[in-house]
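Colleague: I am new to this structure and would like to be guided through it. Could we go through it together?

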Amino acid sequence: MQGLSFTFSTATLFLVLCLQLGIIESQDDENVRKPLLIEIDVPSTAQKNQEITVQVTVETQYRECMVIKAYLVSNEPMEGAFNYVQTRCLCNDRPIRFFWDIIITRTVTFATVIDIVKEKNICPNDIAVEPITVNRYYTFNTVRMN
């Protein structure tokens with residue numbers, strides 16, 4: 001009888017260990033859908049008065065669509081397209097590309113900002129989600145003038 005009890009408790013312990021490892025693994029960051037995946041393509045250097053293109057590709061792992069607003073921010077005053085704010089509907093089956101053409105007159109550091117917003121008449125039938133955790137993503141880039 002004692003041998004059966006030892007086998008049962010060993011099997012139970014093994015089962016609990018397997019379940020615990022499974023729970024921990026399922027909560028790993030690799031298994032969590034990310035609201036935004038952002039790729040930025042910008043040259044690191046430019047000549048004075050050269051026009052460069054900042055290209056930002058955004059995609060989501062969410063199944064639902066969301067409204068995103070993309071823009072550039074700098075502590076240096078910039079002219080033209082640099083100041084454009086672009087609002088689009090992002091869905092998991094089609095990444096979005098944003099473009100800004102800017103003229104470099106000096107070395108500049110700027111932030112590319114993507115906000116997930118609640119705005120009507122952007123996504124079809126106004127069906128979109130807004131994450132409850134983070135709704136602003138940004139990254140800094142520097143273009144040095146040669």
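**A cysteine and its surroundings**

Modeller: Please note that this is a predicted model. C91 touches T60 and C65, leaving out residues up to four places away in sequence.

Colleague: Where is C91 found?

Modeller: C91 is in the loop between β5 (86–90) and β6 (96–104).

Colleague: Is C91 buried or exposed?

Modeller: C91 counts as buried because its relative accessible area is 4%, and the limit for that term is under 20%. The C-alpha atom of C91 is separated by 9.0 Å from that of A128, with the two residues 37 apart along the chain.

Colleague: Turning to the sheet, what is the order of its strands?

Modeller: The five strands form an open sheet in the order β2-β8-β7-β4-β5, and the pairing is mixed.

Colleague: Which strands stand at the edges?

Modeller: Those are β2 (45–46) and β5; each has a single partner strand, so one side of each is left without a neighbour in the sheet.

Colleague: How many bridges join β4 to β5?

Modeller: Five bridges join β5 to β4 (residues 66–74), and the two strands run antiparallel. A70, for instance, has Q86 in β5 as its bridge partner.

Colleague: And the largest nonpolar core: which residues have the most contacts inside it?

Modeller: They are L36, V58, I68, F98, F110 and V143, in a core of 25 residues. The largest share of this core, five residues, is given by β6. Apart from that core lies another of six residues, including C65 and C91.

Colleague: What is V143 in contact with?

Modeller: Beyond its neighbours within four places in sequence, the contacts of V143 include V42, I52, I104 and F110.

Note on methods: Residues numbered from 1 in each chain as written. Predicted model: local features only at pLDDT ≥ 70, side-chain atom pairs only at ≥ 80, totals over all residues. Heavy atoms only, no water. Helix = DSSP H or I, 4+ residues; strand = E, 2+ residues; numbered from the N terminus. Buried < 20%, exposed > 50% of the residue type's maximum accessible area, 1.4 Å probe, protein only. Contact = heavy atoms within 4.5 Å. Pairing = 2+ DSSP bridges. Core = buried A, V, L, I, M, F, W, Y, C linked by side-chain atoms within 4.5 Å.
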